[in-house]
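Visitor: Hi! Could you walk me through this one? I'd like to chat about surface and strands.

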Amino acid sequence: MTRYSRGRDAEYKYRDIMEEKGYLVVRSAASKKVADLIAVNETETVLIQIKRSKGILYKNQIKEEVAIFDSMKMHPNLRLLIMGWSDKMRCFVKMYERTA
């Protein structure tokens with residue numbers, strides 16, 4: 001399995017979680033942009049960056065993404081989220097969240 005396909009699989013897993021919560025989710029395939037997933041429901045829009053690691057996830061692994069998210073102007077109904085998937089832990093971990 002390639003690095004791309006492992007990352008894509010993590011994005012699909014989190015997409016499914018958000019869809020179960022009632023969000024409409026769009027995946028930005030092969031994104032090198034701000035968000036891998038954009039999730040929308042009747043009250044908010046969530047820009048989601050997914051990170052994947054074979055082991056433990058550390059905050060210093062997301063410095064660039066945090067800097068981009070911190071520099072963004074916030075709309076009242078916007079939420080920014082960085083979620084990490086750990087192969088070792090077999091779960092998602094919230095690494096960053098920002099709301100207006």
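Guide: Happy to. One term to start with: buried means under 20% relative accessible area, exposed means over 50%, and partly exposed is in between. Keep in mind that this is a predicted model.

Visitor: Okay, so is Ile 38 buried, exposed or partly exposed?

Guide: Ile 38 is partly exposed, because its relative accessible area is 33%. Ile 38 lies in strand S2.

Visitor: Which residues make the nonpolar surface patch?

Guide: Leu 24, Val 26, Ile 38 and Val 40 make the patch, which covers about 330 Å².

Visitor: And which strands supply those residues?

Guide: Strand S1 (24–27) and strand S2 (37–40), with at least two patch residues from each.

Visitor: Switching topic: how many residues of strand S4 are buried?

Guide: Nine of nine, across residues 78–86. Leu 78, Leu 80, Ile 82, Gly 84 and Ser 86 point one way from S4, while Arg 79, Leu 81, Met 83 and Trp 85 point the other way.

Visitor: What does S4 pair with, and in which sense?

Guide: Strand S3 (residues 45–53) pairs with S4 in the parallel sense over nine bridges. Strand S5 (residues 91–99) pairs with S4 in the antiparallel sense, over eight bridges.

Visitor: Which residues stand opposite Arg 79 and Ile 82?

Guide: Val 46 stands opposite Arg 79, and Tyr 96 in S5 stands opposite Ile 82.

Visitor: Last one: which residue in the hairpin of S4 and S5 takes a positive phi?

Guide: That's Arg 90, with phi near 60°; the hairpin has four residues between the strands.

Terms used. Residues are numbered from 1 along each chain as its sequence is written. This is a predicted model: local features need pLDDT of at least 70, side-chain atom pairs count only at pLDDT 80 or more; totals for chains, interfaces and linings use all residues. Side-chain values use heavy atoms; hydrogens and water are left out. Patches are made of residues with over 30% relative accessible area and no salt bridge: like charges are joined within 9 Å, nonpolar side chains (Val, Leu, Ile, Met, Phe, Trp, Tyr) within 5 Å. Accessible areas come from the Shrake-Rupley method with a 1.4 Å probe; for residues, only the protein chains shown count as cover. A salt bridge is a side-chain nitrogen of Lys or Arg within 4 Å of a carboxyl oxygen of Asp or Glu. Buried means under 20% relative accessible area, exposed over 50%, partly exposed in between (1.4 Å probe, protein chains only). Two strands pair if DSSP finds at least two bridges between them.
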